[in-house]
Amino acid sequence: MGLDRICKGCGIEKPLSDFSKNKESKDGHRWKCKPCMNEMKRLNRASNLEAHLEKERKYYRDNKETLDSYTKEYREKNTDHIKAYHKQYYTDHEDEKLIYSKEYYEENKAASMAYSLKWGRENKESRKIARGKYADKNLEKYKQWARNSALARKTQSPVYADRVKMDIKYRASRIMTKLTGKMYCVDHIIPIQGELASGLHHEDNLQVIPMITNSAKGNRFVPGFISWELKHVV
Ligand SMILES: [Zn+2]
């Protein structure tokens, strides 16, 4: 080594190997050390981000085939390494990731639902397999939910509930499904198995809404979600 140089950026004396090569310079090395060069590039990029992005996009477009084949080759040669890296990253960030994806899901429930419905329609075979796996895993949960739901319909259905009016709503949901080609269902405005409040299985607590809206609403009462007459239900 021996050939130390004082960096023009940070002013620290460093071995020549800490300076990247530059053909135009007299001794073939840059005057700023690698970290300083990186910082300079970073700042430069940030201050001209759009221009840089455009340049990078153009570069990618012009060299798409070569770049893609590099990436492919790298992936194929380093599958184990990449897998290990992802696994390690996931382990190191597990808590954050769970919180993040949960928060994201809560905030974007309707959009997530729409996306997964669309995905399902376009990937029917994969959806079938995924559903089968999910159902196997959660069979007991499903059964319990169905039992609770049936029980709630029974115990929370007051004697004055009008069976005919209720039946009309269920029929209406089937008609809407046929007419629109989208799934409609009968929703309990105040969920009958709600966490905070339990509504009644009564015609005034029933509304016909698209399935996707119902899934987004989940088992919650969302005030103002729909207008309804409190006096009939409580
Ligand atoms: Zn430096």
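Q: What does the secondary structure of the chain come to?

A: The chain has ten helices and four strands. Helices (H or I, at least four residues) and strands (E, at least two) are DSSP runs, numbered from the N terminus. This is a predicted model, where local features need pLDDT of at least 70 and side-chain atom pairs count only at pLDDT 80 or more, while totals for chains, interfaces and linings use all residues. Residues are numbered from 1 along each chain as its sequence is written.

Q: In what order do the elements of the chain run from the N terminus on?

A: The run goes β-β-α-α-α-α-α-α-α-α-β-β-α-α.

Q: What is the mean pLDDT of the chain?

A: pLDDT is the predictor's confidence in each residue, from 0 to 100. Here the mean is 81, and 89% of the residues reach 70 or more. Watch residues 223-234, though, where pLDDT stays under 50. For that stretch the model has 13 contacts beyond four places in sequence; a contact means two C-beta atoms, placed from the backbone, within 7 Å.

Q: What span should helix α1 have, at 1.5 Å a residue?

A: The expected span of a helix is 1.5 Å times one less than its number of residues. For α1 (residues 34-47), with 14 residues, that gives 20 Å, and its end C-alpha atoms are 20 Å apart, which agrees. Helix α3 (residues 64-77) reaches 20 Å from its first C-alpha to its last, close to the 20 Å expected for its 14 residues.

Q: How many residues of α3 are buried?

A: Burial is a neighbour count: a residue is buried if 20 or more other C-beta atoms (placed from the backbone) lie within 10 Å of its own, exposed if 12 or fewer, and partly exposed in between. In α3 the number buried is zero of 14, so the helix lies largely in the open. α2 is hardly covered, with a count of zero, and α1 is hardly covered too, with one buried residue. Over the chain, buried residues make up 8% of the 234 residues.

Q: Where does V208 lie, and what is it in contact with beyond its neighbours within four places in sequence?

A: V208 lies in strand β4 (residues 206-210). V208 is partly exposed because 19 other C-beta atoms are within 10 Å. Its contacts beyond those neighbours are K169, A172, S173, M176, Y184 and V186.

Q: Is R171 buried or exposed?

A: R171, in helix α8 (residues 163-180), counts as exposed, with 12 C-beta neighbours inside 10 Å. R171 and V186 are 15 residues apart in sequence and 9.3 Å apart in space, C-alpha to C-alpha.
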